[in-house]
Amino acid sequence: KKGEREVYVLRVATFLVVDSSEQMEETTVEGLYASWDKCCEAAEEYMEENEDWGRELWYTLYTEYEPEIIYMVGAEKAAGPPLNIGDKVTLVDATVGEQYERDYRTMRVFVESHTLYE
């Protein structure tokens, strides 16, 4: 419709089990993009900047686990933008550690499709 534009919000959700009684969750907005390709490129740049996720020195001192990273940026970029407003598309899904045990961590890089009214 006139005056409406589809935009893509690049977000990162992280989760950490500190110990049996404390967990930390955070979701940040990394950017707002009018172009699907630019949004995917920003996700690639984010992952390049965080390429040692799960292997940071402070973390590896306490655990022997290797991170499992499912990287879907290229495939999702090639598939094209989400079909519907409000859709969420996961670009990266990463975990390290034993699920819900001390120092278990997750990171998810995803995109939400929204309408911008101009």
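Which residue in β5 is the bridge partner of A94? The partner is M107. The model is predicted, so local features need pLDDT of at least 70 and side-chain atom pairs count only at pLDDT 80 or more, while totals for chains, interfaces and linings use all residues. Residues are numbered from 1 along each chain as its sequence is written, and side-chain values use heavy atoms, with hydrogens and water left out.

Helices (H or I, at least four residues) and strands (E, at least two) are DSSP runs, numbered from the N terminus. Two strands pair if DSSP finds at least two bridges between them. Strand β4, residues 88-96, and strand β5, residues 105-117, are joined by eight bridges in the antiparallel sense.

These strands are part of an open sheet of five strands in the order β2-β1-β5-β4-β3, with antiparallel pairing. At the edges are β2 (22-33) and β3 (68-71), each of which pairs on one side only. On average, neighbouring strands of this sheet are turned by 20° against each other, direction ignored. Axes are lines fitted to C-alpha atoms, for helices over the stretch in contact, and angles run from 0 to 180 degrees between N-to-C directions.

Helix α1 (residues 36-49) lies across β1 (4-19), β2, β3, β4 and β5, and runs at about 155° to β5. Contact here means heavy atoms within 4.5 Å.

Next come the charged side chains. A salt bridge is a side-chain nitrogen of Lys or Arg within 4 Å of a carboxyl oxygen of Asp or Glu. By this rule the count is six salt bridges. In one of them, E41 meets K77, with the closest N and O atoms 3.4 Å apart. E41 lies in helix α1 and K77 in helix α3 (residues 73-79), so this pair ties together parts that are 36 residues apart in sequence. For exposure, buried means under 20% relative accessible area, exposed over 50%, and partly exposed in between (1.4 Å probe, protein chains only). E41 is partly exposed at 29%, and K77 is partly exposed at 24%.

Another salt bridge joins the side chains of R55 and E66 (3.6 Å, N to O). R55 lies in the loop between α1 and α2 (57-60) and E66 in the loop between α2 and β3, so the pair ties together parts that are 11 residues apart in sequence. R55 is partly exposed, at 42%, whereas E66 is exposed, at 54%.

The aromatic side chains follow. Rings of Phe, Tyr and Trp (its six-membered ring) pair if their centres lie within 6.5 Å; planes under 30 degrees apart count as stacked, over 60 as edge-to-face and the rest as tilted. By this rule there are four aromatic pairs. The rings of Y8 and W36 have centres 5.4 Å apart and planes at 70°, so this pair is edge-to-face. Y8 is in strand β1 and W36 in helix α1, 28 residues apart, and the pair links distant parts of the chain. Y8 is buried, with a relative accessible area of 5%, and W36 is buried at 6%.

The rings of F15 and Y104 have centres 6.3 Å apart and planes at 70°, so they too are edge-to-face. F15 lies in strand β1 and Y104 in the loop between β4 and β5, so the pair ties together parts that are 89 residues apart in sequence. F15, Y100 and Y104 form one aromatic cluster.
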